Amino acid sequence: MTEYEKMIASQPYNCMAPELDLLRRETARRYRHFNRSDEEEQGVLLSEIVGELAEGAFICPPLYCTYGRHIHLGERSYINMGATLLDNAPIRIGADVMIGPNVQIYTAAHALDADERILGVETALPVTIEDRVWIGGGAILLPGITIGREAIVGAGAVVTRDVPAGARVVGNPARILPARG
């Protein structure tokens, strides 16, 4: 398997492999162009970066991503400015999702062993955001998590585990708030 194939299969891979570096550089060239473009060009350029851009979906510049092709954005979903999307594995965002400014979504995780980490060993786990979710500005979502339908992630929260449908989470690490009664 190539390092790219290992990466998208959520197997350990070498993040410093030349084939991956080439893809990252091409994506960076594209998102830099998108970030500097005027409104008329943005939709076309964005569709060349992300893997899926459903009807009515949009990402405000500036956008920063690793590969772009693993980002799937559902209908009428909106990502505000300053998003950092490390899409080494798929980032699937459902319909009618609102994501605040400066949100960071990570799918890549370096090896915990220092020797492996220095060699570039990494794994990538998908992140899923289901329909009608709201993620507040500055939130960070870690690899492998799912945010359930209609959940709310508070501004600045660091989400380290799955968030159930309809839950509201805040803090670092994010914790579920009691249901309002």
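**View A. Pairing of β1 with β12 in the predicted model.** Strand β1 is joined to strand β12 (residues 121–124) by 2 bridges, and the two run antiparallel. Helices (H or I, at least four residues) and strands (E, at least two) are DSSP runs, numbered from the N terminus. Two strands are taken as paired if DSSP finds at least two bridges between them. Tyrosine 13 has glutamate 122 of β12 as its bridge partner. For asparagine 14, the bridge partner in β12 is valine 121. The model is predicted: local features need pLDDT of at least 70, side-chain atom pairs count only at pLDDT 80 or more, and totals for chains, interfaces and linings use all residues. Residues are numbered from 1 along each chain as its sequence is written, and side-chain values use heavy atoms, with hydrogens and water left out.

**View B. The open sheet β1-β12-β11.** This sheet has 3 strands, in the order β1-β12-β11, with antiparallel pairing. Its edge strands are β1 (13–14) and β11 (108–110), each of which pairs on one side only. Between β11 and β12, which run antiparallel, there are 3 bridges. Alanine 124 in β12 stands opposite alanine 108. Buried means under 20% relative accessible area, exposed over 50%, and partly exposed in between (1.4 Å probe, protein chains only). In a regular strand the side chains alternate between the two faces of the sheet.

View C. The side chains of glutamate 26 and arginine 29 form a salt bridge, with an N to O distance of 2.5 Å. A salt bridge is a side-chain nitrogen of Lys or Arg within 4 Å of a carboxyl oxygen of Asp or Glu. Glutamate 26 and arginine 29 are separated by about one helical turn because they are 3 residues apart in helix α2. Glutamate 26 is partly exposed, at 31% relative accessible area, and arginine 29 is partly exposed at 44%. The whole structure holds 10 salt bridges.

**View D. Tyrosine 31 in helix α2.** Tyrosine 31 lies in helix α2 (residues 18–36). With a relative accessible area of 14%, tyrosine 31 is buried. The C-alpha atoms of tyrosine 31 and asparagine 88 are separated by 16 Å, and these residues are 57 residues apart along the chain.

View E. Arginine 149 and aspartate 131 meet through their side chains in a salt bridge of 3.5 Å, N to O. This pair links distant parts of the chain, 18 residues apart: arginine 149 is in the loop between β16 (146–147) and β17 (152–153), and aspartate 131 is in the loop between β13 (127–129) and β14 (134–135). Arginine 149 is partly exposed, with a relative accessible area of 37%, and aspartate 131 is partly exposed at 30%. A salt bridge also joins the side chains of arginine 132 and glutamate 150 (2.7 Å, N to O). Arginine 132 is in the loop between β13 and β14 and glutamate 150 in the loop between β16 and β17, so this pair ties together parts that are 18 residues apart in sequence. Arginine 132 is partly exposed at 47% relative accessible area, as is glutamate 150 at 37%. Salt bridges that share partners join Asp131, Arg132, Arg149 and Glu150 into one network.

**View F. Positive phi in two loop residues.** Glutamate 150 has a positive phi of about 60°, although it is not a glycine. Asparagine 102, also a residue other than glycine, has a positive phi near 60°. Asparagine 102 is in the loop between β9 (98–99) and β10 (104–106), and is partly exposed at 44% relative accessible area.

View G. Proline 61 and proline 62 are joined by a cis peptide bond with omega about 0°. Proline 62 is in the loop between β3 (58–59) and β4 (63–65). The peptide bond from asparagine 172 to proline 173 is cis, with omega near -5°. Proline 173 is in the loop between β19 (168–170) and β20 (175–176).
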